[in-house]
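Thanks for asking me to look this one over. Here are my notes, point by point, for someone meeting the structure for the first time.

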Amino acid sequence: MEQKKIIRTVAGVIENENGEIMCTLRDQGKYDYVSFKWEFPGGKIEEGETLEQTLERELREELEIKVDIEEFFYQVEHDYPDFHLSMAVFKCKLISHNIHMNVHKDIKWLNPKDMLELDWAAADLPVAQKVYDLSK
């Protein structure tokens, strides 16, 4: 059996001062099964980076924001058809409010109890479920 490529990423569950969580909409991409799906922002780990350094860099590149990375929140291990995704997720507080969508189609700020209303990418769904479960 062929070994799937493993892609290691990080993502942030980013909360604003109102307790709402940032949700970002992916644009058309290389993989149709995650195109135009909602996700928690983040990206791929580069050689020599810590998880926190990766998250800070990706959020700066994709959204031009700064966050306070508070704590590890969830570990996702998900098999997509073409690769295995290993994603470390951190709870974050938004510091900067000047957001620029450099790669995403849309951004929504949702109350945690509304997290399951979006069409999430498969790997992000368990994270959205945990945010929702903790809001009860």
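1. Let us begin with the aromatic rings. How many aromatic pairs does a search of the whole structure find? There are three in this predicted model. One of them is the pair of Phe 40 and Trp 120, which is stacked, with 4.6 Å from centre to centre and 15° between the planes. Phe 40 sits in the loop between β3 (38-39) and β4, and Trp 120 in the loop between β7 and α2 (125-135), so this pair ties together parts that are 80 residues apart in sequence. Phe 40 has a relative accessible area of 2% and is buried; Trp 120, at 6%, is buried as well.

2. Another pair is made by Tyr 80 and Phe 83. Their ring centres are 5.2 Å apart and their planes meet at 45°, so this pair counts as tilted. Tyr 80 is buried at a relative accessible area of 6%, and the value for Phe 83, also buried, is 6%.

3. Now for the overall plan. The chain holds two helices and seven strands, and from the N terminus their order is β-β-β-β-α-β-β-β-α. The radius of gyration is 14 Å, close to the 14 Å that the globule rule gives for 136 residues, so the chain is as compact as a globular protein of that length. Along the principal axes, the C-alpha atoms fill a box of roughly 50 × 35 × 25 Å.

4. Of the 136 residues, 43% are buried. The chain exposes about 7,700 Å², and carbon and sulfur atoms supply 47% of that area. If you take contacts between residues at least 6 apart in sequence, 65% of them join residues at least 24 apart.

5. Which way does β1 run relative to β6, parallel or antiparallel? The two pair in the parallel sense, over eleven bridges, and Gly 12 has Phe 90 of β6 as its bridge partner. With β4 the arrangement is antiparallel, and three bridges join the two strands. In β4, Lys 44 stands opposite Thr 9.

6. Helix α1 covers residues 51-63.

7. Glu 64 belongs to the loop between α1 and β5, and at 40% relative accessibility it counts as partly exposed.

8. Lastly, where is Lys 105 placed? You will find Lys 105 in the loop between β6 and β7, partly exposed at 47% relative accessibility. Apart from neighbours within four places in sequence, Lys 105 is in contact with Leu 25, Arg 26, Asp 27 and Phe 36. Lys 105 and Lys 5 are 100 residues apart along the chain, and 27 Å separates their C-alpha atoms.

Definitions and conventions
Residues are numbered from 1 along each chain as its sequence is written. This is a predicted model: local features need pLDDT of at least 70, side-chain atom pairs count only at pLDDT 80 or more; totals for chains, interfaces and linings use all residues. Side-chain values use heavy atoms; hydrogens and water are left out. Helices (H or I, at least four residues) and strands (E, at least two) are DSSP runs, numbered from the N terminus. The expected span of a helix is 1.5 Å times one less than its number of residues. Buried means under 20% relative accessible area, exposed over 50%, partly exposed in between (1.4 Å probe, protein chains only). Contact means heavy atoms within 4.5 Å. Two strands pair if DSSP finds at least two bridges between them. The radius of gyration is taken over C-alpha atoms; the globule rule is 2.2 Å times the number of residues to the power 0.38. Accessible areas come from the Shrake-Rupley method with a 1.4 Å probe; for residues, only the protein chains shown count as cover. Rings of Phe, Tyr and Trp (its six-membered ring) pair if their centres lie within 6.5 Å; planes under 30 degrees apart count as stacked, over 60 as edge-to-face and the rest as tilted.
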